[in-house]
Amino acid sequence: MPPSTALIIGASRGLGLALVKVLSSRSSSTNPTTIFATTRSPPKQGFFPKGVNVIDGIDVGTEGAGEKIVKGLKGEKVDWVVVVAGVLKKETLEEPNWEDEMDMYRICAVAPVFLTSALVQSSSFAPHAKLILLTSEGGSITLRTQNEGGGMFGHHGSKAAANMIGRLLSFDLKEKGITVGMIHPGFLITEMTEGMKEHYKKGGAITPEVAAPVFLDFVESLTIEQSGQFWAPNGPKGIGNAEEVLGKDLPTPLQVPW
Ligand SMILES: NC(=O)c1ccc[n+]([C@@H]2O[C@H](COP(=O)([O-])OP(=O)(O)OC[C@H]3O[C@@H](n4cnc5c(N)ncnc54)[C@H](OP(=O)(O)O)[C@@H]3O)[C@@H](O)[C@H]2O)c1
């Protein structure tokens, strides 16, 4: 079933914006979806499709962001909450960056706990709701290899932490009937990966417009029995080390190892 109400946290560009657009295009008079989209800065008029409810001023890396979102929901209960907001800053052992690391952990790993807590405390989840965290195959310890090398401490570390947070939240939320999923959306052609353009072709990169419908279909199919798991709806495509580590002929969607 498509959601009656969806909340996309971090919708100003990239995958978040594509999710809002596809949800909006799928909404119909027989199966309407009320969409809430959060941004940090106020969007220009007409930026989002008609009917989308914008909650701006939401920086998930600050305390109280969850409470601000709850206020913006105006009592509406949400079927799908998708935490898209994320940040990637490259690092090496020679040049680690304290502020960048703090940002990545705050936004990718700390924020989901506080956002979810605010939504739970305010009873903003609808019965049988789904909570989806955009993590990354970069957060899989199993998929890291000597060939690939080290570095990327803040990004991969904070995404591994986000996978752990999602797993723990799935236990907290099970008795409420809320399904929690961690998702690697594929290798996406967005601002986030601008510095990796030379890998787009070999890495099977896709646009957010291509990724979003597959992502939404997968979320629709997720069941409470899968709560607390880590999935790649596009399968091994967009996971650079998948074949090297996991072997050939992998299924799509693929359950990603921790
Ligand atoms: N791109 C990939 O290949 C890839 C692969 C695996 C996982 N992911 C994950 O998928 C998600 C979406 O990625 P993307 O490629 O669409 O990224 P993107 O184009 O760089 O967009 C990032 C989004 O996060 C928002 N954001 C960043 N910091 C925020 C903060 N402190 N508070 C609120 N919002 C904030 C941005 O808002 P502003 O416009 O205000 O900055 C923007 O809407 C991320 O979590 C990313 O880690 C991406």
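The questions and answers below go through some features of this predicted model.

Me: Why are helix 3 and helix 4 called roughly parallel to each other?
Reply: Helix 3, residues 98-121, and helix 4, residues 153-174, pack at an angle of about 10°, with their axes 8 Å apart. Angles under 35 degrees count as roughly parallel, and the two helices are therefore described in that way.

Me: Which residues make that contact, and how do they divide into nonpolar, polar and charged?
Reply: Helix 3 contributes residues including Met104, Tyr105, Cys108 and Val113, while helix 4 contributes, among them, Phe153, Ala161, Ile165 and Leu169. The residues of the contact divide into 11 nonpolar, four polar and three charged.

Me: What makes Lys74 an exposed residue?
Reply: A residue counts as exposed if 12 or fewer other C-beta atoms lie within 10 Å of its own, and Lys74 has 9 of them, so Lys74 is exposed. Lys74 lies in the loop between helix 2 (65-73) and strand 4, and its phi is near 50°, a positive value in a residue other than glycine.

Me: Why is His128 called exposed, with 12 other C-beta atoms within 10 Å?
Reply: The cut-off for exposed is 12 or fewer, and the count of 12 for His128 therefore still falls under that word. The place of His128 is in strand 5, residues 125-134, and the phi of His128 is near 60°, which is again a positive value in a residue other than glycine.

Me: How do you know that the span of helix 1 is close to what is expected?
Reply: Helix 1, residues 14-26, has 13 residues and reaches 19 Å from its first C-alpha to its last, which can be set against the 18 Å expected at 1.5 Å a residue.

Me: What do the buried residues of helix 1 pack against?
Reply: The buried residues of helix 1, among them Leu15, Leu19 and Val22, pack against strand 1 (5-9), strand 2 (34-38), strand 4 (78-83) and helix 5 (208-221).

Me: Which residues touch the most other members of the largest nonpolar core?
Reply: That core has 67 residues, and Ile8, Ile9, Leu19, Val83 and Val84 touch the most other members. Leaving aside residues up to four places away in sequence, Leu19 touches Ile8, Val82, Val84, Ala212, Phe215 and Leu216.

Me: Where is the cis peptide bond that joins Thr252 and Pro253?
Reply: Pro253 is placed in the loop between helix 6 (242-246) and strand 8 (254-255), and omega of the bond is about -5°.

Notes. Residues numbered from 1 in each chain as written. Predicted model: local features only at pLDDT ≥ 70, side-chain atom pairs only at ≥ 80, totals over all residues. Helix = DSSP H or I, 4+ residues; strand = E, 2+ residues; numbered from the N terminus. Expected span 1.5 Å × (residues − 1). Buried ≥ 20, exposed ≤ 12 C-beta atoms within 10 Å, placed from the backbone. Contact = placed C-beta atoms within 7 Å. Core = buried A, V, L, I, M, F, W, Y, C linked by C-beta atoms within 7 Å. Axes fitted to C-alpha atoms, helices over the stretch in contact; angles between N-to-C directions. Parallel < 35°, antiparallel > 145°, perpendicular 65-115°, else oblique. Nonpolar A, V, L, I, M, F, W, Y, C, P; charged D, E, K, R; others polar.
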